[in-house]
Amino acid sequence: MIAPDFQTAVEQLSELIEGARSVVPFTGAGISTECGIPDFRSPGGMWTKNAPIPFDQFMSSRHARAETWQRRFAMDEVLSNAKPGRGHRALASLHRAGKIPGVVTQNIDNLHQVSGIPHASVCELHGNTSYATCLDCGKHYTLKWVRDSFDQSGHAPECVECNGFIKTATVAFGQSMPVAAMAQAEQLTLSADVFMAIGSSLLVWPAAGFPLMAKRNGAALVILNREPTEFDNLADLVIHHDIGDVLTRFISQ
Ligand code: NAD
Ligand code: ZN
């Protein structure tokens, strides 16, 4: 059901949250747009500028690896200066109040952790772009190390231990999903009596399967997104308003 107006939307969402034992948010790029990080699919979003580089290209082409890293460096100013927005702060408040056992996120920007939700309670389906790992041995690298090395050599660095390729700790299109995060997301989803999809176009799979799983398991499904999604007709409450404007009501100090 689409909430008829902003006030009704907030009232109905408050009622659902108050009556719930376990609220599980599922967040996408839309929760971070007010923090200055563009999403993919909104007008002016990243996809309108650059199509993503799939994993097989990263693995097979030195040029693609360099291009991937150059794009990441170009975003660094925005990513490293971004602060949690009203949506992140509201979810952190609800976590402190014991309503939210954990957050399932498609985001890679680390902002749920910065907002105060413990690392172990943030389930990152698509990884994290604030550091890098060797794809072969798993060694961690700071982005500063990668950048310094790139600046010196002019190409994407390889692992000092095993010569493997180094990539941000994110899941590229075509790369396999992280097994532990998928299992944790399933457990959280099945614990939810209210499941809130927030700022996701719900077009990226398998992540988009979690709202469906929650609904099938009997949870009330809330979709908070300024544009319609394919699952609006399945949801118990659909809110087509700005995420920060809606969730700011749930921020407590
Ligand atoms: P998406 O870009 O496909 O969809 C974002 C949705 O959020 C859009 O439908 C848009 O209408 C909505 N939205 C944007 N700002 C909003 C606001 N202020 N209020 C209400 N709605 C708003 O994003 P996605 O579904 O998360 O898929 C993109 C994938 O790309 C993700 O899986 C993620 O891995 C990655 N990504 C991450 C980030 C990040 O970490 N911040 C940013 C871009 C892309
Ligand atoms: Zn290595």
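This is a predicted model: local features need pLDDT of at least 70, side-chain atom pairs count only at pLDDT 80 or more; totals for chains, interfaces and linings use all residues.
Asparagine 107 is located in the loop that runs between β2 (103-105) and α6 (111-114).

**Asparagine 107**

- With a relative accessibility of 8%, asparagine 107 counts as buried, because the cut-off for buried is under 20%.
- The side chain of asparagine 107 makes a polar contact of 3.0 Å with the backbone oxygen of glycine 28.
- A polar atom of the asparagine 107 side chain also lies 3.0 Å from the backbone nitrogen of alanine 29.
- Which residues does asparagine 107 contact, leaving aside neighbours within four places in sequence? They are Thr27, Gly28, Ala29, Ile31, Ser32 and Gly127.

**Nonpolar cores**

- The largest nonpolar core has 28 residues, and the members that touch the most others are Leu13, Leu91, Met196, Ile198, Ile239 and Leu247.
- Two or more residues of this core come from each of α1 (6-19), α5 (86-96), β7 (194-198), β8 (220-224), β9 (237-239) and α10 (243-247).
- Beyond residues up to four places away in sequence, methionine 196 touches Leu13, Ile17, Val23, Val24, Pro25, Phe26, Leu91 and Val222.
- There is also a second, separate core, with 23 residues; among them are Phe26, Cys123, Leu125 and Ala185.

**The three-stranded sheet**

- Strands β5, β4 and β6 form an open sheet in the order β5-β4-β6, and the pairing is antiparallel.
- Which strands lie at the edges of this sheet? The edge strands are β5 (140-141) and β6, each of which pairs on one side only.
- Five antiparallel bridges join strand β4 (residues 127-134) to β6.
- One bridge is to alanine 132, whose partner in β6 is threonine 168.
- Strands of a sheet pair through backbone hydrogen bonds, either parallel or antiparallel.
- Why is strand β6 (residues 166-170) described as largely enclosed by the rest of the structure? Five of its five residues are buried, so β6 is largely enclosed.

**Aromatic pairs**

- The model contains five aromatic pairs.
- One of them is an edge-to-face pair of phenylalanine 73 and phenylalanine 150, with 5.5 Å from centre to centre and 85° between the planes.
- This pair links distant parts of the chain, since phenylalanine 73 belongs to helix α3 (residues 62-74) and phenylalanine 150 to helix α7 (residues 143-153), 77 residues apart.
- Phenylalanine 73 counts as buried at 12% relative accessibility, and phenylalanine 150 is buried with a relative accessible area of 6%.
- Tryptophan 205 and phenylalanine 231 have ring centres 6.4 Å apart and planes at 80°, so this pair is edge-to-face.
- Tryptophan 205 is in the loop between β7 and α9 (209-216), whereas phenylalanine 231 is in the loop between β8 and β9; the two are 26 residues apart, and their pair links distant parts of the chain.
- Is tryptophan 205 buried or exposed? At 52% relative accessibility, tryptophan 205 counts as exposed, while phenylalanine 231, at 9%, counts as buried.
- Trp69, Phe73 and Phe150 are linked into a cluster by ring pairs.

**Charges over rings**

- Arginine 65 lies over the face of phenylalanine 165, 3.6 Å from the ring centre.
- Lysine 139 has its charged end over the ring of tyrosine 141, at 5.5 Å from the ring centre.

**Glutamine 70**

- Glutamine 70 is in helix α3 and counts as partly exposed, at 43% relative accessibility.
- Although glutamine 70 and arginine 147 are 77 residues apart in sequence, their C-alpha atoms are 9.1 Å apart in space.

**Helix α9**

- Which residues of α9 are buried? The buried residues are Gly209, Phe210, Pro211, Leu212 and Ala214.
- These buried residues of α9 pack against β1 (23-27), α8 (179-191), β7 and β8.

How values were computed
Residues are numbered from 1 along each chain as its sequence is written. Chains are lettered from A and ligands numbered from 1 in the order in which they are written. Side-chain values use heavy atoms; hydrogens and water are left out. A nonpolar core is a set of buried Ala, Val, Leu, Ile, Met, Phe, Trp, Tyr and Cys residues joined through side-chain atoms within 4.5 Å. Buried means under 20% relative accessible area, exposed over 50%, partly exposed in between (1.4 Å probe, protein chains only). Helices (H or I, at least four residues) and strands (E, at least two) are DSSP runs, numbered from the N terminus. Contact means heavy atoms within 4.5 Å. A polar contact is a pair of N or O atoms within 3.5 Å; within protein, one must be able to donate a hydrogen and the other to accept it, and residues adjacent in sequence count only if both atoms are side-chain atoms. Two strands pair if DSSP finds at least two bridges between them. Rings of Phe, Tyr and Trp (its six-membered ring) pair if their centres lie within 6.5 Å; planes under 30 degrees apart count as stacked, over 60 as edge-to-face and the rest as tilted. A charge sits over a ring if NZ of Lys or CZ of Arg is within 6 Å of the ring centre and within 35 degrees of the ring normal.
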